[in-house]
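Please open the model in a viewer and keep the selection tool at hand.

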Amino acid sequence: MSTPRTRPTPVPAAPSGDQAGRSWLGRQARRAVRPFWVVPALWSGGAIALGLVVPRLDSTGLADLLPFLFPGDVEGARSVLSSIAGAMITVTGLVFSNTMVVLQLASSQFSPRVLQTFLQDRVTQHTLGVFTATFVYALTVLRSLADAGDDPVPQLAVTLAFALVVAAVAMFLLFINHITASVGISNILHRSARETRDLLQRGRGARRDLPEERPELADLGHQHVVLARRSGYLDALDVDQLCARARQHGARIEVLHPLGTFLVESRPLAVVHGARSGDVDWDQLLHRHVDLARERSLQQDVAFGLRRLVDIAERALSPGINDPTTAVQAVDQLHDLLHRLATEPDPWPVHVDDEGTPRLVTRETTFEQLLDLAVDEIAHWGHDGLQVPRRLRAMLDDLLVDATPEHRTALQAKQSRLAALDTAG
């Protein structure tokens, strides 16, 4: 087995503690799942602004320069805007109901962990946004008509309401086509695998141009144990800032758990080696650069991407569903991900500064652990069938062709266990 290797991690100049913490937490918040209501709320806010501004443009004479404006009187404008508002709120309820049905279907039939992909779907969010914006805009313009008195009809504002209705119809047709395709198992599997591949691609640069020398972890003296301030999943680490802080204070930080681990409040999170008494508040510093989340995500946790695919395969193999073809499709996507992992060495969990001094030690998930995650549960629930065992054997045979020497032992051992499981079955 080859010796694990590491790559020097460039350490930027450390900004002030509060500034660095806030900036990183802000980046994590932007990477996390954006609340479903944000996009519709932005559309509605823009509609209110338009509803207040556009009626005033008619008095500027700008409307006289535009053709095809609304030709009716005030009563006609009120009737049109009232009809638009009523129709839009009805269709908005329909779209929202269909979205909830899709989320419930995906959760019950595939896995609750794929809901994040639907919550991040921009087509659904913008469809709801256009509908709510049209409704809110129509009500806002109606308010201006109620206060208009003898003022002329806001032709430009009413015409814009027509344009929003046309846009809403177009978005509705797009939404129907999109939501129908979104519940297809092929699209769900592909989307989950694509997000995991993107994460692997972002981390691939850390495995290139690795020096052969493995850094020595010297004894730095006093150790300080940092406890978790709250319960949650270890979802992300700000590696650059943790290295910079450790270098600044001549210490080395050791994270005690791999990403995706659930930590209980007041249990050990990390150990700081070389932490001098009164030097710095290490508890506050680490929690500023470590994300303990309520649920796992694909910010940095590759294992969570494989877990989602495995969950879909297990659900498909359950007696209530009994769909081995779907399980095989999940294995196809796992095959692609495992091939990318098998052709590269496991990252050595030591991050060094520009001078080659170890500053951060993490717990990395190895290829063998990811292989166990991807294969064992599916093999257990699918060993009585024909498709799943055959597909798993073919996957392992193919992975052995391009796998690095350090991963072949794990693959061969997995082949032996599958053969023993088939014999026992």
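**First stop: an aromatic pair between helices**

Select Phe131, which is buried, with a relative accessible area of 1%. The structure on display is a predicted model, and the values given along the tour are computed from it.

A pair of aromatic rings is described by the distance of the centres and the angle of the planes. By the rule applied here, two aromatic pairs are counted. In the pair now selected, the ring centres of Phe131 and Phe172 are 6.3 Å apart and the planes stand at 50°, so the pair is tilted. Phe131 belongs to helix α5 (residues 122-146) and Phe172 to helix α6 (residues 155-182); the pair thus links distant parts of the chain, 41 residues apart.

**Second stop: from helix α5 to helix α2**

Remain in helix α5 and select Ala133. Ala133 is buried, at a relative accessible area of 2%. Then select Ile48, in helix α2 (residues 38-57). Along the chain Ala133 and Ile48 are 85 residues apart, yet 7.9 Å separates their C-alpha atoms.

Ile48 is partly exposed, with a relative accessible area of 39%.

Select Gln155, which is placed in helix α6. With a relative accessible area of 27%, Gln155 is partly exposed. Now select Leu69 and draw a distance between the two C-alpha atoms: Gln155 and Leu69 are 5.8 Å apart in space and 86 residues apart in sequence.

Colour residues 36-57, 77-106, 127-145 and 157-176, which an unreviewed UniProt entry lists under "transmembrane region". Two of these spans may be examined in the model. Residues 36-57 are 91% helix and 0% strand, and their end C-alpha atoms lie 33 Å apart. Residues 157-176 are 100% helix and 0% strand, with end C-alpha atoms 29 Å apart.

Move to the open sheet whose three strands follow the order β4-β2-β6, with antiparallel pairing. Its edge strands are β4 and β6 (290-293), each of which pairs on one side only.

Begin with β2 and β4, which run antiparallel and are joined by two bridges.

Why is the aromatic pair of Tyr233 and Phe262 called edge-to-face? The ring centres are 5.1 Å apart and the planes of Tyr233 and Phe262 meet at 65°, which is over the 60 degrees required for that class, so the pair is edge-to-face. Tyr233 lies in strand β2 (residues 232-237) and Phe262 in strand β4 (residues 262-263), so the pair ties together parts 29 residues apart in sequence.

Now turn to β6, which runs antiparallel to β2 and is joined to it by four bridges. Select Leu237 and then Val290, its bridge partner in β6. In a regular strand the side chains alternate between the two faces of the sheet. Show the side chains of β6: Val290 and Leu292 are on one side, Asp291 and Ala293 on the other. All four are buried, and both faces of β6 are therefore covered.

**Last stop: the partners of strand β3**

Finally, select strand β3 (residues 252-258) and strand β5 (residues 268-273), which pair in the antiparallel sense over four bridges. Within this pairing, Glu254 has Val271 in β5 as its bridge partner.

In which sense does β3 run with strand β8 (residues 358-363), parallel or antiparallel? The two strands run parallel and are joined by three bridges. Select Ile253 to end the tour; opposite this residue stands Leu360 in β8.

Technical notes: Residues numbered from 1 in each chain as written. Predicted model: local features only at pLDDT ≥ 70, side-chain atom pairs only at ≥ 80, totals over all residues. Heavy atoms only, no water. Buried < 20%, exposed > 50% of the residue type's maximum accessible area, 1.4 Å probe, protein only. Phe/Tyr/Trp six-rings, centres within 6.5 Å; stacked < 30°, edge-to-face > 60°. UniProt positions renumbered as here; feature names shortened; annotations may be inferred. Pairing = 2+ DSSP bridges.
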